[in-house]
Amino acid sequence: MKLLLIMPRFFNYPQVISDELGRMGYEVDFFDDRPSTSGLVKAIIRVNKNLIHTYINQYFEYIMETVGCKDYDIVFVISGQSLSFSEHMIERIKKTQQNAKFIL
């Protein structure tokens, strides 16, 4: 079973969660919900993510290139304080993963 995990990189939570999901039998692909973990990018996303719209779009397109050719059973999105993806972006993921169960 394949699982796409999108969540903030917060301490070592993504690794711990990925490892546990792996023990449960899932093949996990992880992506941070932000294009960068720099303090400046985190702050801009919280205040007005439109200021770095192009940067977010480039990151999202990279993710789409990677996940678009795979079929996931589950798409698991853990939204922190600053999910940089728009509703439209989440809808695009849904369109490419029509058979996946989405957990948001």
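1. A term to begin with: patches are made of residues with over 30% relative accessible area and no salt bridge, and nonpolar side chains are joined within 5 Å. Please keep in mind, too, that this is a predicted model.

2. On the surface, a nonpolar patch is formed by Phe10, Phe11 and Tyr13, which together have about 380 Å² of accessible area. Phe10 sits in the loop that links strand S1 (2–7) to helix H1 (13–23). Its relative accessible area is 42%, so Phe10 is partly exposed.

3. How many salt bridges does a search of the whole structure find? The search gives seven. One of them joins the side chains of Arg92 and Glu61, at 2.5 Å from N to O. Arg92 belongs to helix H4 (residues 87–96) and Glu61 to helix H3 (residues 53–67), so this pair ties together parts that are 31 residues apart in sequence. Arg92 is partly exposed at 27% relative accessible area, and Glu61 is partly exposed at 33%.

4. Helix H4 also holds Lys94 and Glu91, three residues apart, or about one turn of the helix. They form a salt bridge whose closest N and O atoms are 3.8 Å apart. Lys94 counts as partly exposed, at 30% relative accessibility; Glu91 is partly exposed as well, at 34%.

5. Have a look at Arg34 and Asp32 too, whose side chains meet in a salt bridge of 3.6 Å, N to O. Are these two buried or exposed? Arg34 is buried, with a relative accessible area of 5%, and Asp32 counts as buried at 5%.

Conventions
Residues numbered from 1 in each chain as written. Predicted model: local features only at pLDDT ≥ 70, side-chain atom pairs only at ≥ 80, totals over all residues. Heavy atoms only, no water. Patch = residues over 30% accessible without salt bridge, like charges linked within 9 Å, V, L, I, M, F, W, Y side chains within 5 Å. Areas by Shrake-Rupley, 256 points an atom, 1.4 Å probe, with all protein chains shown as cover. Salt bridge = Lys/Arg side-chain N within 4 Å of Asp/Glu carboxyl O. Helix = DSSP H or I, 4+ residues; strand = E, 2+ residues; numbered from the N terminus. Buried < 20%, exposed > 50% of the residue type's maximum accessible area, 1.4 Å probe, protein only.
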